[in-house]
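Grab a pencil and let's work through a few exercises together.

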Amino acid sequence: MTLRDTLALAWGSLIHQPRRTLLIALAMSIGVGSVVVLTALGEGARRYVLEQFASLGTNLLIVLPGRAETTGGAPGVLSGQTTRDLTLSDADAVARLRGVARAAPLNVGVAQVSRGGLSREAVLLGSTADMLEIRHMRLGQGRYLPPGPSDQATPVCVLGEAIRAELFGAGNALGEWVRIGDRRFRVIGILAAQGQQMGFNTDETVAVPVAAAQQLFNTESLFRILVEVRGREAVPAVKESVLALLKTRHENDADVTVITQDAVLATFDRILTALTLAVAGIAAISLGVAGVLIMNVMLVSVAQRRSEIGLLKALGAPAASVRLLFLAEAGLISALGAAGGLILGLAASFALGRLYPVLPIAPPLWAVAAAVTTALVAGMLFAWLPAKRAAKLDAALALARR
Amino acid sequence: MSACGGVVGMIELDRITRGFQVGDQLVQALREVSLNITAGEFVSIMGPSGSGKSTLLNLLGLLDRPNSGTYRLDGLDVTGLDEVAAATVRREKIGFVFQFFHLIPRLTAAGNVALPLVLAGVAPSERKERVARLLADVGLSGRADHLPAQLSGGQLQRVAIARAMSMNPAILLADEPTGNLDRATGREVLALLEDLNQRGTTLIVVTHDQEIGARAGRRILMEDGRVVGDSISPSPSGVPQGRGFIRGSGRGSEAQTSANAESTVPPSPPAPPPRGEGSKP
């Protein structure tokens, strides 16, 4: 029996039971579709995060206090052990290193910002003029923090667009005074609205000189030093020199951690890829369930078509042909389901993409290929037992009864 | 070769025994049955239920295997053939007709007749031609596109016979071919089978029907797994040995045409298509 005839015969018996065929194919479709949609979502999240990082520039080094093997939070905080602080002079020394384009110290905290009767809690960023460039922020009006020695606590601030709108509404904000904590600051600039960036919304931040922030939070230490390296290829060398410099400055104690943006990127990439895989795996379980369904239906089908199978054997079909016929049926159903699932999944991904335009939702090719392959393999695998049963059927017995 | 002289039978059974395990009891369906059937014979097998008729027919059709004994088909020992080889022999040499027709309900008459050709891997274009001829032979040209549900019992059995003949088998095995038909339709179907037999096909019919049994050139009576009667009588259309000779001397030959002319069957049945090389050495 030629393959074409086998497929034609199998197809004939499938369309003879359209409802049954459609229902199994639907089960398969749901499996394939969910793999496609969920991986599309996972992949969308991964690409979103990566794009966010990339928007910060990939030649960025982040220096944080404390020694950490991984890129987690600052160690020592949990154990109660205090490591040597990062200080403003550390930041200034780093900025003078060869290969460093600019460096900005960073202190972050939450503070009450008020003007007249209006008051609001805001994320306070203490930094220097270089922060604007390093974080790729854009200015709406006025100036950013003034250049000059970083230890100068000039009482000026730059408001995020949302803060400005809430405190000043339609009125003019530039040159006005606001109260942050127990001090007064003059507004010298407004950031352009740019929304969410790397987990926090710059529209809802207030930037002040780092020295002023340290006074407000009553601390000498820094939260981070952000370092922009000249050129991406210089990143590893600069990382080493930063580590060496801070080691000498900290009495030969290597107590800081330098994270490269690439490392962060790679870590997030790993985490999100693992997440996508996990989600895809869970969705793939439904493919297994669909496979069991195929097995069940094929077993019923073999029982119902005993006389047909007996006939085929009497007409000269060897067991292998009978087995192939039933495998072909399962394969066709699976293919049908996979095709339906692809359409379903792609349509759902498209709709989700429309719903959340921020996420670059697109099912990765490997996931689509894997879903279709798994569907076909599961279908054939679970059909093996019924097909074997059909092939082993005793033709004389099967034909004896109607 | 062996069949050419008409001396050696197409079918030789030598002390065939077949038993079935039913619970803890061994039921002997066939006890040392030895039987020679010559090419072109029309044999009826009769006997009470459980006498082993169907088991014998299944063995002849290679759907079952004996526990002991030898079965030679066209001089070839087919007793120990493996599953694939047995399927090939069935496809090439044996046609089956069943009491319950066993047509596939979702396939048209033409589709059912084409089934053995499909299994044999015959090309679609050739298939179409041969199916049209086979349906014409059984007088159902106009019903090619009908589904089994749209056909009468007699028509169903004629489709089944066309299917059985589609590979030009040397042997036609019929299990109660008229058992599910009324008398008149049964006679039509029997006439069709006899016509095929006239044209050289060995016809073996298992039946309960005395009338059919009587029409066969050779009547085998079975009881309790044994052949208890085997009588050859001149049938309405000549002696079986003669037909065997004609068949053996080559199909489509003058001799066969003359045999057809003598037959009681209505005028000029179309000559059978040439057999495949494998069907008869």
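**Exercise 1. Find which residues form a nonpolar patch on the surface.**

A salt bridge is a Lys or Arg side-chain nitrogen within 4 Å of an Asp or Glu carboxyl oxygen. Areas come from the Shrake-Rupley method with a 1.4 Å probe, and for residues only the protein chains shown count as cover.

Step two: A:Leu336 sits in helix H10 (residues 319-355). Helices (H or I, at least four residues) are DSSP runs numbered from the N terminus.

Step three: A:Leu336 counts as partly exposed because its relative accessibility is 34%; buried is under 20%, exposed over 50%, partly exposed in between.

A note on the model: it's predicted, so local features need pLDDT of at least 70, side-chain atom pairs need 80 or more, and totals for chains, interfaces and linings use all residues. Residues are numbered from 1 along each chain as its sequence is written, chains are lettered from A in the order written, and side-chain values use heavy atoms, without hydrogens and water.

**Exercise 2. Work out whether A:Glu43 is buried or exposed, and what it touches.**

Step one: look in helix H2 (residues 18-55), where A:Glu43 lies.

Step two: A:Glu43 is buried, at 10% relative accessible area.

Step three: leaving out residues up to four places away in sequence, A:Glu43 touches A:Thr276, A:Ala362 and A:Pro364 (contact means heavy atoms within 4.5 Å).

Technical notes:
Patch = residues over 30% accessible without salt bridge, like charges linked within 9 Å, V, L, I, M, F, W, Y side chains within 5 Å. Helix = DSSP H or I, 4+ residues; strand = E, 2+ residues; numbered from the N terminus. Buried < 20%, exposed > 50% of the residue type's maximum accessible area, 1.4 Å probe, protein only.
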